[in-house]
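Okay, thanks for coming, everyone.

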Amino acid sequence: MDFLKGHGTENDFVILPDPAVDIDLTPGLVAALCDRRAGIGADGVLRAARAGDLLDAGVLDALPDGVRREDWFMDYRNSDGSIAEMCGNGVRVFAHFLAASGLVAGETFVVGSRAGAKPVRVHHADPEAADVAVSMGVPRVFGTSSAGVDGRDLAGIAVDVGNPHIACVVPGLTEEALAALDVASAPTFDHGLFPHGTNVEVLTPLVDGAVHMRVHERGSGETRSCGTGTVAAAVAALRSVGRETGAVDVHVPGGVVTVTVEADGAELRGPSRIVASGTARLSAL
Ligand SMILES: N[C@@H](CCC[C@H](N)C(=O)O)C(=O)O
C-alpha cells in the first residue's frame, strides 16, 4: 500500500492515496499504521479519494454540506482508529499533497471533509513544503465548561469547529508553566456537554496578538499541534479580552500558525511538510 508522510506544525499524518477506494480502512489498520514503534507513526490517517467514490463505496452515507462528488475528500481517522469530523492541520497537509501531486490545478480549491466543504488557498507548494490557508467556517461557541488537566480545574469555552473543543485560557499562565503541565494524561470534562468526547486546549493569555497552546486530542492523545484546536483557542483568547474578531498567532510545540477570526468565518494558515513516501507492508504491521 503506497503512502506519504506529512505534518502541519508537527501534527503528523499518514496519507493514503486511494482513488479507487480499495483500502479496507479498519480501526485496527489505522492504529497499526499510526503506531510509532511497530508502524509508520502518526497522529492520524488521511485517506485521499473523491467524495463521490467514497459515497459509492459506502464509506460516506451522504455527501456533507457543500461537498460535490468530484471534490477530493479527506477521509480523516484519529490514531486510535476513530473517525473525526474535521482536522484543520490535516486539511492543510492534504491540500499540499493534492497540489504537489498535480491532482488539482490552481491555488484555490475545495477539500471535502465530514464537517463540510473547506475552501483552501495554497500560497506556495513544492513537493516538500507548502504554505496553506483553510477557511474553517464560523466557530460556534456553545457554552462554558471546565476541564481537569494535571490536577487543576480549568475554566474554558466549548467551541464547535466542525469537531468539539474546550479551550481554556488560564489567567497568569506563563509559557514555561504551560510547558511543565501534564497534558498527556487524559483530561476530564463534562460528558453531558460533550457526549462524543472533546479535544482540550490549554493556553496562555493573549499578549501582543499571540498565545501559547498545548492540546490533548480526542482519539490521538497529546499532539504537537491541532488546527481546529488553534481556531478554538483563538476564539477563546479574543473573547477573554472582550473581542469577537482579530488575528492571533498560536504558538504550539510544533511551530506557529495564524488564525484570523472574522464575523463570517475563521481562517487557519500555516506550513505543511511532506517528508516521506513509500510502501507499507500490510502483512508486517
Ligand atoms: N489534529 C486535528 C484534529 C483531529 C481530530 C480530533 N482529534 C478529534 O477527534 O476531533 C486538527 O488539526 O484539527
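Predicted model: local features only at pLDDT ≥ 70, side-chain atom pairs only at ≥ 80, totals over all residues.

The protein is split into domain 1, which is 2-136 + 271-279, and domain 2, which is 140-263. Their centres, taken over C-alpha atoms, sit 23 Å apart. As for how they meet, 20 residues of domain 1 are in contact with 21 residues of domain 2. Between the two domains about 1,300 Å² gets buried, and carbon and sulfur atoms give 45% of that. On the domain 1 side, look at Thr-9, Glu-10 and Met-136: they supply 35% of the area domain 1 buries against domain 2, more than any other three residues.

Now the inside. The largest nonpolar core has 54 residues, and Met-74 and Val-111 are the ones with the most contacts inside it. Helix α5, residues 227-240, gives the most to this core, with 8 residues. And where does this core lie relative to domain 1 and domain 2? Both domains give residues to it, so it lies between them. Apart from that one there is another core, of 15 residues, including Ala-158, Cys-168, Val-170 and Leu-173.

Leaving out residues up to four places away in sequence, Met-74 touches, among others, Leu-46, Met-86, Cys-87, Val-111 and Ser-113. Gly-90, Val-91 and Phe-94 are on that list of contacts too, and those three are buried residues of helix α3.

Which brings me to α3 itself. Of its 13 residues, 11 are buried, so the helix is largely enclosed by the rest of the structure. Arg-92 and His-96 are among the buried ones, and so is Asn-89. After α3 comes Gly-102, which has a positive phi, near 75°.

Take Cys-34. The closest cysteine sulfur to its own is in Cys-87, 11 Å away, too far for a bond. Cys-226 also has Cys-87 as its closest, with 6.7 Å between the sulfurs, and that's too far for a bond as well. Are these two cysteines buried or exposed? Cys-34 is buried, at 4% relative accessible area, and Cys-226 is buried, also at 4%.

That's it from me.

Conventions: Residues numbered from 1 in each chain as written. Heavy atoms only, no water. Buried < 20%, exposed > 50% of the residue type's maximum accessible area, 1.4 Å probe, protein only. Helix = DSSP H or I, 4+ residues; strand = E, 2+ residues; numbered from the N terminus. Core = buried A, V, L, I, M, F, W, Y, C linked by side-chain atoms within 4.5 Å. Domains from an automatic or database assignment. Contact = heavy atoms within 4.5 Å. Disulfide = S-S within 2.5 Å. Buried area = accessible area lost by both parts, 1.4 Å probe.
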